[in-house]
Amino acid sequence: MSAATAISDRLRTVCEEQLSLLGRQRPVGVVAVSAAAESGRSVQGRFTDGRIVELSRSTRRGASLRCIHRRAGEGADNTTFHHVAATEPSAGLVRLLLTRLGGTTSSSTILEYPHTGSGLVIPPLRAQDGVSITELAAFLEQVDAGARSADPAVSQVIIGFEVIDRIFCAGADVDERSLVYLTVRTIARKGPQLATGVYTPGTSGRLAEFTPFALGAEAGRRAVTGLGARPAPVGHFPVVIRGGRGIVLLHEACCHPLESDEILRGSVYADQIGRPIAAQHVTISDDPTVAGSVGHYRFDDEGQPARPTLLVENGVLRALLTSGYTADRLGLPPTANGRCASVLDPPLPRMSTTCLAAGPDRPEDILSGTEFGIYAENVGGGEVTESTGEFVFRVNNGYLIRDGRITDPIRDTTIAGRGDLVLGMIDAVGNDTALGAAKCGKQGQVVPVGLSGPTLRVASLLVGGTDV
Amino acid sequence: MFDLDSAVAKILGSAAYVGAECEAWICRRVDQNIIVDSTGVTQWSSSAASVSAVTVWRDGREGCAVVKGDDLGASAVEDALSVGAVLPPSERVARQFSTVRCDPSARCDPSARCDPSAGAGYDEDNPEAVLSRLAALARCADMDIELCASLEHTQTAFGETGGGYVEQADQLACVQARIAARGRGPAYIARQFIGRTLGDALDAADRALGMDAACRTVDILSGEPVTWYPPVTVLLHGAVAARLLALLAPSLQLDAIQQQRSRLAGRLGDAVGAEQISVIHDTTGVFTPIALAFDDEGTPARLTRLIHRGRLDSVLSDVRYAHQAGQTSNGCGWRPAGGGAVTVGPRALLLQWHGPHMPPPASSAEMTLEVVHANGMHISNEITGDFSFGAVGVIRDVRGCARNAGAFTVAGNVLDLLADVTGAVGSPCFVRRSGAIYGSPSLWVNGLTIGR
């Protein structure tokens with residue numbers, strides 16, 4: 001039996017034991033219960049000044065118990081989602097949960113350390129069986145060399161890296177998950193000018209899938225391009241956004257407000273299912289099955305089998321993203337989007353890979369059809385206020401479009417809009433689908449998310465530059 | 001009970017067995033989160049985690065390993081040695097705690113410390129009272145309010161080969177309010193109230209600039225937005241100014257200066273801001289809600305003046321980078337909540353204004369644009385200091401009449417902004433971001449570009 005198989009079996013046992021223990025107590029008002037457990041290892045650190053300056057190996061594990069509890073004598077949708085978790089599972093988790101549900105178990109006996117002797121110990125993945133640090137160091141040196149090869153002006157290369165292997169068990173289902181995520185920051189200097197470049201490649205596969213010199217060169221190019229960039233303009237302009245990471249536009253403007261906990265909070269898309277919310281040629285789905293995407297999984301963190309969810313079909317809202325709890329409150333089916341940063345965190349409705357279906361237009365035609373505007377070549381993170389639909393995203397490498405041609409580079413800037421208005425202003429969708437990687441934070445939990453889609457154009461977005 | 005000093009001793013013993021010197025950092029953490037809206041408690045989550053970080057030195061090489069779980073000792077030491085074996089040689093830098101021998105019970109405010117045996121922080125003494133106060137705050141007739149109350153209790157121990165050992169307990173509470181207008185135009189702001197206990201945080205929410213003020217602001221934001229701006233003086237609400245301070249922090253780090261990631265490199269002693277501005281880092285609990293005995297390298301907590309009356313006085317440092325610069329650490333070496341290597345960073349940063357606190361529109365004819373909520377500030381450029389974020393705000397005329405200013409963008413450079421602060425209003429507003437807290441009063445500023 002392999003080590004991974006043995007750990008998988010133990011994780012299943014931990015989940016079964018916790019559920020069995022809770023079930024024997026027959027708690028009142030419980031609508032649904034679930035358990036999860038994980039064991040993982042990772043290597044993470046930072047590479048600067050041509051060498052690794054921070055590096056650590058980590059092992060992690062933990063277990064959680066969750067339930068949806070309907071309070072007696074209150075409305076049908078008046079439920080509470082309970083989540084208790086610990087790095088070392090024990091009967092104390094069950095006792096704590098029962099206390100929360102109104103049982104009589106004293107909280108003073110909860111979570112005694114150490115939890116040995118409970119029979120629920122989760123074995124760790126052996127850290128040294130993970131990625132070879134020698135190979136990792138050689139890989140990072142190649143990234144560094146690639147970045148510096150872009151131009152002598154590249155003065156610094158800073159690479160954050162993490163390589164993660166996890167065995168995750170939700171109920172009886174066990175999934176082996178991998179993640180490689182790099183954050184390559186480059187700095188270029190020319191006299192008093194300072195410019196930065198950012199590139200965040202990621203995969204649910206292995207480090208060997210990347211070509212390190214090439215990705216370094218791309219990160220270096222992004223910084224060098226910024227040298228001599230002019231201030232971004234201020235005002236409303238057409239914006240052409242390159243596909244892949246650029247789909248962060250839809251991640252913020254459309255999909256966060258479609259997460260069903262935000263619907264419960266009064267998102268701008270509440271009560272809009274079946275109604276048009278976007279231009280007719282816009283079809284958006286969430287798909288955790290996209291191979292290689294950092295948002296890939298076989299089942300979500302509540303055990304729902306992964307499958308694509310069609311959110312917007314030809315402009316019409318068709319579905320929401322749900323977790324088990326929010327699906328119960330809204331009377332909707334779970335969509336395999338219950339995700340957590342680690343088993344210690346409660347699952348929330350989260351995106352996996354946001355996909356914009358390809359359209360008919362060639363990217364060069366979209367550009368040539370834009371008289372004046374902004375070309376967002378490389379896009380950073382974003383944020384949205386779901387209840388108003390107001391969102392922003394960062395353009396790290398942008399250019400002015402004049403007479404249908406890409407011209408001057410502009411300094412990094414933020415682009416803003418209101419999702420419920422902007423989706424209707426997508427007037428061109430390209431045929432050049434690309435895949436990007438990002439990390440998304442919500443309620444303190446950061447999870448990897450994929451972004452897949454082609455170049456698109458929005459007829460008008462607010463560009464928040466400084467050149468008035 | 002989980003015995004921290006025994007756990008540290010076990011790790012050090014495992015290292016000694018294989019001929020390695022060692023530092024062991026262990027953090028036991030209990031988090032509790034309760035989300036409450038007008039219907040009651042919608043989510044209640046708790047987690048207990050043990051995290052250990054082990055750093056070893058052998059044959060002139062340093063390695064680090066992190067274990068999340070109670071499985072301590074030999075495997076972690078082996079993992080750390082395997083890391084060190086492939087890294088370049090690295091000398092061990094002496095920590096300060098081994099000679100300082102700080103006494104956590106003397107440095108922490110005893111009344112603010114958690115009793116680790118009292119349910120490990122899962123339930124405060126009277127959880128019903130806390131839930132009742134949360135429910136009362138969440139029930140405002142005209143607003144949709146969701147409150148997320150979080151309580152983090154940590155016990156941290158740090159020991160090294162040779163006998164140095166320190167231990168401390170800490171607790172921090174935060175109530176985050178999401179306030180939206182009910183049934184009117186789209187309007188929303190978020191506010192955080194931070195304290196040592198949930199009671200402290202709820203008290204902050206009850207104060208004059210707490211929930212009532214936030215609800216009044218949302219009420220204004222739900223009105224029809226103005227279509228034209230007259231000349232305005234810009235006031236950044238404390239919650240917005242504090243988030244801008246978070247953007248300044250990376251430029252004030254010694255590692256960033258040594259690695260050419262900071263525009264403040266080589267400017268120690270220079271004027272970098274308005275004369276009435278100071279920026280301090282305080283983990284002693286005097287000026288901020290963070291009261292610690294030591295950082296994650298055992299360096300005693302202290303108050304550090306970073307910018308004093310406009311001049312750059314010092315920068316944040318940890319042991320490694322301070323040693324490289326021929327200095328001693330000022331106690332800013334921190335590990336991420338889940339463990340990992342020590343990095344330089346802030347834990348409790350505060351902007352202070354030494355001038356009078358008053359509303360100063362330069363001209364009585366000018367109106368005020370108060371920026372009350374920001375979107376996307378975290379995605380600004382921490383290296384150049386350039387920022388551009390989405391915002392909503394309120395326009396007030398000289399008589400105090402307020403109208404919704406709608407949505408707009410605010411762009412500028414945070415380092416330039418330090419010189420463009422012309423006044424301040426009110427007590428500091430604290431916000432939490434990435435494990436650190438940042439505080440600032442509301443600031444009058446020039447030089448920003450407002451886009452709409």
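Which domains does the domain assignment give for chain B? The domain assignment, automatic or taken from a database, divides chain B into domain 1 (4-219) and domain 2 (224-451). The views below show a predicted model, in which local features need pLDDT of at least 70, side-chain atom pairs count only at pLDDT 80 or more, and totals for chains, interfaces and linings use all residues. Residues are numbered from 1 along each chain as its sequence is written, while chains are lettered from A and ligands numbered from 1 in the order in which they are written.

**View 1. The contact between domain 1 and domain 2 of chain B.** Here 33 residues of domain 1 are in contact with 31 residues of domain 2 (contact: C-beta atoms, placed from the backbone, within 7 Å). On the domain 1 side, the elements giving two or more residues are strand 2, strand 3, helix 3 (97-100), helix 4 (104-107), strand 5 (165-181) and strand 6 (188-195) of chain B. Helices (H or I, at least four residues) and strands (E, at least two) are DSSP runs, numbered from the N terminus. Strand 6 of chain B gives the most to this side, with six residues. By class, the domain 1 side has 20 nonpolar, six polar and seven charged residues. Nonpolar covers Ala, Val, Leu, Ile, Met, Phe, Trp, Tyr, Cys and Pro; charged covers Asp, Glu, Lys and Arg; the others, Gly among them, are polar.

**View 2. The contact between chain A and chain B.** Chain A brings 74 residues to this contact and chain B brings 61 residues. Strand 2 (40-58) of chain B is among the elements that give two or more residues to the chain B side, and with 11 residues strand 2 of chain B has the largest share. The chain B side holds 26 nonpolar, 25 polar and 10 charged residues.

**View 3. Strand pairing across the two chains.** Strand 3 (residues 79-86) of chain A and strand 2 of chain B run parallel, joined by six bridges; strands pair if DSSP finds at least two bridges between them. B:Trp44 is the bridge partner of A:His82.

**View 4. An open sheet in chain A.** Six strands with mixed pairing follow the order 11-10-9-14-21-20. Strand 11 (316-317) and strand 20 (434-442) of chain A are at the edges, each with a single partner strand, so one side of each has no neighbour in the sheet. Strand 9 (residues 284-286) and strand 14 (residues 353-356) of chain A are antiparallel, with three bridges. A:Ile284 is opposite A:Leu356 of strand 14.

Notes
Contact = placed C-beta atoms within 7 Å.
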